[in-house]
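Hi everyone, thanks for making time.

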Amino acid sequence: MGASPFLDLPQVRRAQGVMALPGSKSISNRVLLLAAIADGETVITGLLDSDDTRVMLAALRQLGVAVSELAEGRVTVRGVSRFPVDSADLFMGNAGTAIRPLTAALALMGGDYRLSGVPRMHERPIGDLVDALKALGARIDYLGQPGYPPLHIGRGEIATPAVTQVQGSVSSQFLTALLMAAPLQAGQSGQPVVIEVLGELISKPYIEITLNLMARFGVAVQRDGWSRFTIAGGARYRSPGRIAVEGDASTASYFLALGAIGGGPLRVTGVGADSIQGDVKFTDTLAAMGATVTYGDGWIEVSGVRVAEGGRLKAFDTDFNLIPDAAMTAAALALYADGPCRLRNIGSWRVKETDRIHAMQTELEKLGARVESGPDWLRVTPPADGAWRDAHIGTWDDHRMAMCFSLAAFSPAAVRILDPGCVSKTFPGYFDVYAGLVSA
């Protein structure tokens with residue numbers, strides 16, 4: 001699609017068909033790092049090809065890890081006990097799933113590393129993770145504003161016994177980073193590593209992905225509820241030999257939503273009811289809004305109303321703490337509800353690729369919706385008949401904003417998406433696939 005400054009979406013009435021999901025971003029970047037620090041060689045299939053995974057691949061290669069790309073989505077990684085390159089400047093783009101786990105792994109190995117990213121990355125907090133790593137003996141300095149990247153990682157004094165605490169209420173990626181890196185310390189010291197979570201842990205399904213993948217690489221984590229995690233002394237990652245990356249359940253939400261408002265049936269393949277990703281639970285929201293959801297082995301299918309012909313979804317008032325990414329799709333679907341919709345417990349939106357609560361309110365209001373918001377909630381009253389407005393939708397350099405607002409093409413408004421190329425962060429071909437599933 002190139003770097004076109006905008007994309008005008010034709011008004012559509014119908015959506016149906018079958019699409020194969022790209023690999024999960026969350027799983028892809030976790031698996032790449034685990035394969036890099038595990039004993040043995042790992043063949044990864046179904047790996048996502050996107051900006052965020054390219055950032056991780058480039059960083060691992062820069063650190064001396066042998067990575068061979070064999071075919072589309074198929075990569076071989078030869079693991080190392082510690083990175084061969086102990087001094088590097090690493091550019092991490094705006095990839096939270098890359099910079100946070102890599103920061104933890106590098107900090108517990110020690111060396112001379114500088115990690116930086118795009119300007120927005122330097123506004124995304126990392127202080128809670130840095131504090132937790134320092135408690136384990138790591139040496140990390142801020143090169144700019146305290147609490148945020150860019151960072152300098154030096155050689156610390158690894159602590160024993162190893163106990164640290166991390167805030168759970170800002171981003172689950174901090175805990176994921178500590179969990180994934182902890183075996184590096186436990187294996188070296190022979191002593192257990194204990195991580196205690198302060199406050200309420202958000203986005204728990206993402207921690208379940210982390211624990212599931214660690215187990216597949218040979219490290220079982222002992223868990224006491226969601227407040228205390230113990231990695232046994234002497235723990236080591238061992239390659240499972242081969243590992244397949246599931247389709248991206250967050251990305252599935254846009255296409256399943258197309259089925260809910262475009263009649264359907266619309267089927268996504270690559271993810272099913274047995275997925276390890278929490279975002280498959282977005283189908284519960286679709287069902288509550290009146291869509292019909294069916295599951296099979298590795299697929300999900302949705303049929304629903306035709307909003308372009310006057311159909312309406314049922315309004316919702318839902319806690320989205322467990323599925324914050326897919327919740328953005330629900331906010332876009334609120335445009336077609338039969339009353340006001342409320343999204344609760346979405347405070348993590350504030351520290352994502354952009355402040356998503358502010359961005360979503362701004363763009364929904366352009367279309368004619370009435371929107372109210374608070375620190376961790378959003379209330380959307382859909383436009384009344386005749387109150388829709390044509391809109392140039394700003395995407396805020398946020399892939400999910402662009403994909404969510406493709407759903408606005410079912411409205412009577414003329415919709416232009418600005419900077420549609422931002423979808424390359426997770427799904428470079430999104431608008432091409434979308435166009436193949438909708439019809440005027």
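Okay, let's start with a pair of strands: strand 16, residues 292-296, and strand 17, residues 299-303, run antiparallel and are joined by 5 bridges. Keep in mind that this is a predicted model. Within that pairing, Thr294 has Glu301 in strand 17 as its bridge partner. The two strands make a hairpin with 2 residues between them, and Gly298 in the turn has a positive phi of about 85°.

Zooming out, UniProt has an unreviewed entry that places an enolpyruvate transferase domain at residues 13-433. That span is 31% helix and 24% strand, and its end C-alpha atoms sit 16 Å apart.

Now the inside. The largest nonpolar core has 81 residues, and Phe83, Leu102, Leu179 and Ile231 have the most contacts inside it. Helix 5, residues 172-189, gives the most to this core, with 10 residues. Apart from that there's another core, of 76 residues, Val268 and Tyr434 among them.

On to charges: how many salt bridges does the count come to? It's 29. One of them joins Asp8 and Arg416, with the closest N and O atoms 2.7 Å apart. Asp8 is in strand 1 and Arg416 in strand 23, so this pair ties together parts 408 residues apart in sequence.

Last one: Arg356 and Asp398 also meet in a salt bridge, 2.7 Å from N to O. Arg356 is in helix 10, while Asp398 is in the loop between strand 22 and helix 11. Are they buried or exposed? Both are buried. They also belong to a network of salt bridges including Lys25, Asp52 and Lys425.

Notes:
Residues numbered from 1 in each chain as written. Predicted model: local features only at pLDDT ≥ 70, side-chain atom pairs only at ≥ 80, totals over all residues. Heavy atoms only, no water. UniProt positions renumbered as here; feature names shortened; annotations may be inferred. Helix = DSSP H or I, 4+ residues; strand = E, 2+ residues; numbered from the N terminus. Core = buried A, V, L, I, M, F, W, Y, C linked by side-chain atoms within 4.5 Å. Buried < 20%, exposed > 50% of the residue type's maximum accessible area, 1.4 Å probe, protein only. Pairing = 2+ DSSP bridges. Salt bridge = Lys/Arg side-chain N within 4 Å of Asp/Glu carboxyl O.
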